[in-house]
Amino acid sequence: MDSAAHYFDWGFIHISYPNLLLIGLMIVLFAVALVAPFPHGTDRDA
Amino acid sequence: MLERRAGIAAPASEPVAAPAAAPPDGDWTFKARRWIERVLPMDHLLPRRQPYYVGSWVYVFGVVTIAALVWVIVSGVVLSFMGPQWWHVSSLGRFINSLHFWSVQLFFVFMVLHLWGQYFMAGWRDGRAATWMIGVVIFATSILTAFTGYLSQQNFDSQFIAISAKDAMNSTGAGAFFDVLNFGQMYGLHVMLLPIGITFLVVVHIVMVRSRGVVKPIGSEGSPVS
Amino acid sequence: MSRLGQRMTQDEYYRGVRMVPYDLLKELTIALVGIAALTLGLAAAFSSPDVAPITIATWAQADPVDFVTTATGELAGTTTSAGYGAPYNSGGGEQSWGPIAPQKWFGQRIPVDSANAFVLQPLAYASVGNADLGKALGVWKAAGADQQTKWLTTYKDALGKATVTDGKVTVATGDYGPLTTMMNGLLGVAQSGGLDGLLLSNGRFYQTDYTQGLLFIGDSGYLAGLATAANLSGSQWGMMNETGQYPGQSWLWLYTMWYQVWPFTSSTGFLGLSAHNADLGVVFLMSVLTVALALVPFIPGLRDIPRWLPIHRMIWRRYYTPTKNAAART
């Protein structure tokens with residue numbers, strides 16, 4: 001893990017793959033949170 | 001009471017005290033209690049119900065951020081107890097440092113997801129602007145806290161971060177008081193002052209959320225929701 | 001009965017809203033356990049980055065020519081730290097944006113005299129018991145400023161073609177006065193670790209302030225080379241990068257982005273902002289943006305975007321598109 005990371009370049013963007021992966025995972029996680037069904041077990045009135 | 005428990009009867013000659021008169025309502029302690037009971041009664045601090053429309057995983061990002069912060073602090077406490085050199089010379093120390101490193105990463109990941117969620121929900125509506133603003137302050141303070149943490153690593157990364165960041169600090173005049181090359185100062189800020197600040201702000205943020213409750217869906221502000 | 005900003009209690013706010021059971025502490029516990037598991041897993045799988053710090057000793061051993069070149073620059077006042085200005089010295093390199101020059105406002109609160117601190121004082125210590133070095137220092141101090149500048153300029157040029165022989169930095173024959181003796185003497189102190197100790201302790205015993213050592217190392221080409229190799233430098237989005245294959249401070253992406261774009265990459269710039277005052281300009285810009293983020297609830301347009309995007313409709317789908325069952329219950 002201590003060897004140098006590889007970088008993704010696009011235009012002026014220069015980002016390490018670890019950072020890109022992390023940000024990508026965040027976007028995926030947010031998208032999943034939007035669509036994933038939420039447990040309906042609590043649908044009886046409180 | 002004590003006498004009864006020990007099986008000793010109270011002396012018959014002792015007069016029974018008259019019940020104490022209630023203190024006047026104007027005292028500050030009473031006013032403070034009434035204010036707390038009004039602003040954050042137990043039923044809202046530790047609720048057992050929530051509006052039916054709270055039915056999305058987006059809602060868990062806030063509590064998950066708090067969970068990450070708890071582990072940041074726990075791992076940080078262990079690191080500070082053993083001193084700033086420990087994790088460089090001990091494999092257990094290195095592991096605890098790894099816990100601290102990854103819980104910080106998770107803290108920021110979920111805090112930003114929470115920010116995205118609150119933005120798209122326009123969570124500042126219906127009197128919740130202050131909650132939003134405190135959240136942004138927490139974000140900025142967290143960045144500052146992480147920054148002092150990176151400076152406290154005592155390795156190559158911290159050397160270069162210090163040498164580079166000093167220019168930003170100095171350009172604003174802040175560098176005259178906040179010397180990023182001064183390990184002692186940065187470490188003290190990181191392990192004590194800033195964590196106290198973040199904890200205080202997070203508590204205020206949570207109290208504000210619990211006090212006002214979850215905001216209603218967009219389009220139903222102020223009006224009763226069916 | 002919690003009070004809201006509009007003097008509405010929670011009971012009033014939620015009047016008519018169907019409430020469902022909710023276990024807050026169970027949710028918190030699940031979150032704590034889940035994050036603990038995730039953290040433990042990541043730590044066990046990937047550990048954390050820890051590239052060893054460089055010392056003046058390792059620098060002087062790895063690149064003696066760069067060390068001597070930097071030390072010569074300190075004496076000549078041409079290094080970054082020597083010409084920095086506040087808060088270290090009166091070198092005059094402060095950043096400003098028109099009349100806005102906060103770097104100058106507080107004076108030299110962290111005084112660092114590069115030539116003395118990094119070169120002359122360590123040499124004075126090292127010359128104890130070293131007659132040749134002591135003599136060279138004496139010659140240097142007795143010479144006038146013009147003579148010193150001549151020696152420094154000639155030596156600096158010669159260093160461009162210097163070689164390392166027997167651990168000493170060798171240059172072509174020339175009139176450098178006492179500089180070759182002084183600089184090789186300093187090189188010896190540095191390579192032995194003495195300079196690391198001297199610059200940290202400053203005559204005291206307990207110390208936690210590494211300002212002098214870091215400023216000196218920061219002037220070197222050695223550090224810059226290592227940083228560039230690790231993609232940490234400012235023009236490489238370095239602020240958000242980490243050593244090795246670890247994620248860095250990715251939340252700093254917008255802060256470091258400005259250093260990659262105009263006007264902060266240009267020497268002419270725009271409206272007085274350029275590469276010359278990029279630090280001041282970027283801090284100002286990011287401060288404005290952070291305040292704007294805090295004030296989103298009050299900024300027309302920015303606060304209305306959530307209304308225009310369908311994302312909230314997905315989050316609150318139970319409200320916007322109730323199922324047949326839910327509709328039957330209301």
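In this predicted model, the centres of domain 1 and domain 2 of chain B, taken over C-alpha atoms, are separated by 14 Å. Domain 1 covers 57–121 and domain 2 covers 126–212 of chain B, with bounds that come from an automatic or database domain assignment. Domain 1 of chain B brings 12 residues to the contact and domain 2 of chain B brings 10 residues (two residues are in contact if their C-beta atoms, placed from the backbone, lie within 7 Å). On the side of domain 1 of chain B that touches domain 2 of chain B, the largest share, five residues, is supplied by helix 4 of chain B (helices are DSSP runs of H or I, at least four residues, numbered from the N terminus).

In chain C, eight of the eight residues of helix 11 (residues 211–218) are buried, so this helix is largely enclosed by the rest of the structure. A residue is buried if 20 or more other C-beta atoms lie within 10 Å of its own, with C-beta atoms placed from the backbone. The cover of these residues includes helix 8 (156–171) of chain B and, from chain C, helix 3 (56–62), helix 6 (114–126), helix 10 (194–201) and helix 12 (221–229).

The model scores ipTM 0.93 and pTM 0.92. Chain C has a mean pLDDT of 93, pLDDT being the predictor's confidence in each residue, from 0 to 100. Over residues 1–6 of chain C the pLDDT is below 50. Where pLDDT is low, the predicted coordinates should not be read in detail.

Residues are numbered from 1 along each chain as its sequence is written, and chains are lettered from A in the order in which they are written. Local features need pLDDT of at least 70, side-chain atom pairs count only at pLDDT 80 or more, and totals for chains, interfaces and linings use all residues.

Note on methods:
Buried ≥ 20, exposed ≤ 12 C-beta atoms within 10 Å, placed from the backbone. Helix = DSSP H or I, 4+ residues; strand = E, 2+ residues; numbered from the N terminus.
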